[in-house]
Amino acid sequence: MTTPSYDVIVIGAGPAGLSAATEAAKAGLRTLCLDKLAPGGALINLTALHDYPGGADGPTVSAELAEAATDAGVELGFGEVVTVAGGEPWRVDTAEGEHHTARAIVVATGLAKGKLGLPEEEAFEGRGLSHCASCDGPLYAGEPVVVAGAAGWAPHEAVELKGFVGEVTMVAEAPARVPDGIGLIAGRIVGLEGSDGLQSVVVESGGMRKSIPARAVFVYEGQSPAAEFLPDSLARDATGHIVVDDGGRASAPAAFAAGDVRAGARSHLADAIADGQRAGEAVVKALKGVTPSAARGL
């Protein structure tokens, strides 16, 4: 199915993507914001947002950002992007068979699910291996669980789990600030154990290995940028994040990136929103040659 061309296609409807799309649409650019899931991205699975003014929850902020986008004129679309090609214009293809074209693209796809890199990992997926505290935490009431990693949303998810489970232990190789009431082991998970779902994890710490009880492990390490569909013309750093300038402009013409998918991003909600706004403003300047405030008066 062929769809009309857009001025801007934003790939990813998390906080950064919705914010970028809103800025572009406010300036009169025809904007499509695509996501394979509901608007909000990972934010919709978070409850109390401890690092966000007002202490709102994830679903509420997601709804507010989506409403602001649609009010500005953004078209929200649903589809899994599998190919991005071209540059003048950009072509975006989805797994559902849709083909979209645009003068500019903004990539705001965030990070893929974390991985421990263990051969037995797949066997425990859904049987003690999880990526969402609010989704699966209630399944382990009164039980010990482990959070793998300490960066990004990991501390927030550990606090979330504390309200559901018996004991929470974070396992992280890098130095970490651990929330009150949460245990910490400085090391890495090297094994998963259990014949009927997860029962324990093997942790390597200080050159020693030990098994600790865990009915679930919530994985927030080994996360890679969700950008496998992008062409080689967009430069990446050593970890696969998209390299951009201060305005979010990538190495290819009329291509931008915002949020966790870009190099140097901070995994905080307020930063993601501000990052998306900067990228949206840069798109407006690139396509209209003026600042967003001036463009709105055209």
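Biologist: How do you know that the span of helix H2 (residues 58-72) agrees with 1.5 Å a residue?

Modeller: The expected span of a helix is 1.5 Å times one less than its number of residues. The 15 residues of H2 should therefore span 21 Å, and its end C-alpha atoms are 21 Å apart, which agrees. Helices (H or I, at least four residues) and strands (E, at least two) are DSSP runs, numbered from the N terminus. The model is predicted: local features need pLDDT of at least 70, side-chain atom pairs count only at pLDDT 80 or more, and totals for chains, interfaces and linings use all residues. Residues are numbered from 1 along each chain as its sequence is written, and side-chain values use heavy atoms, with hydrogens and water left out.

Biologist: Which residues of H2 are buried, and what makes them line one face of the helix?

Modeller: Buried means under 20% relative accessible area, exposed over 50%, and partly exposed in between (1.4 Å probe, protein chains only). Gly58, Val61, Ser62, Leu65, Ala66 and Ala69 of H2 are buried. Seen down the axis of H2, these residues fall within an arc of 130 degrees, so they line one face; the arc is that of the directions from the helix axis to the C-beta atoms. Their cover includes H1 and H6.

Biologist: Why is alanine 254 called buried, and why is glutamate 75 called partly exposed?

Modeller: Alanine 254 has a relative accessibility of 16% and therefore counts as buried, since the limit is under 20%. Glutamate 75 has a relative accessible area of 36% and is therefore partly exposed, because that class lies between 20% and 50%.

Biologist: Where are these two residues found, alanine 254 and glutamate 75?

Modeller: Alanine 254 is in the loop between strand E14 (216-219) and strand E15 (255-257), and its phi is near 55 degrees, a positive value in a residue other than glycine. Glutamate 75 is in strand E3 (residues 75-78). Leaving aside neighbours within four places in sequence, glutamate 75 is in contact (heavy atoms within 4.5 Å) with Tyr6, Arg30, Thr31, Leu32 and Cys33.

Biologist: At what angle do the axes of helix H1 (residues 15-26) and helix H6 (residues 269-288) cross?

Modeller: The axes of H1 and H6 cross at roughly 35 degrees and come within 7 Å. Axes are lines fitted to C-alpha atoms, for helices over the stretch in contact, and angles run from 0 to 180 degrees between N-to-C directions.
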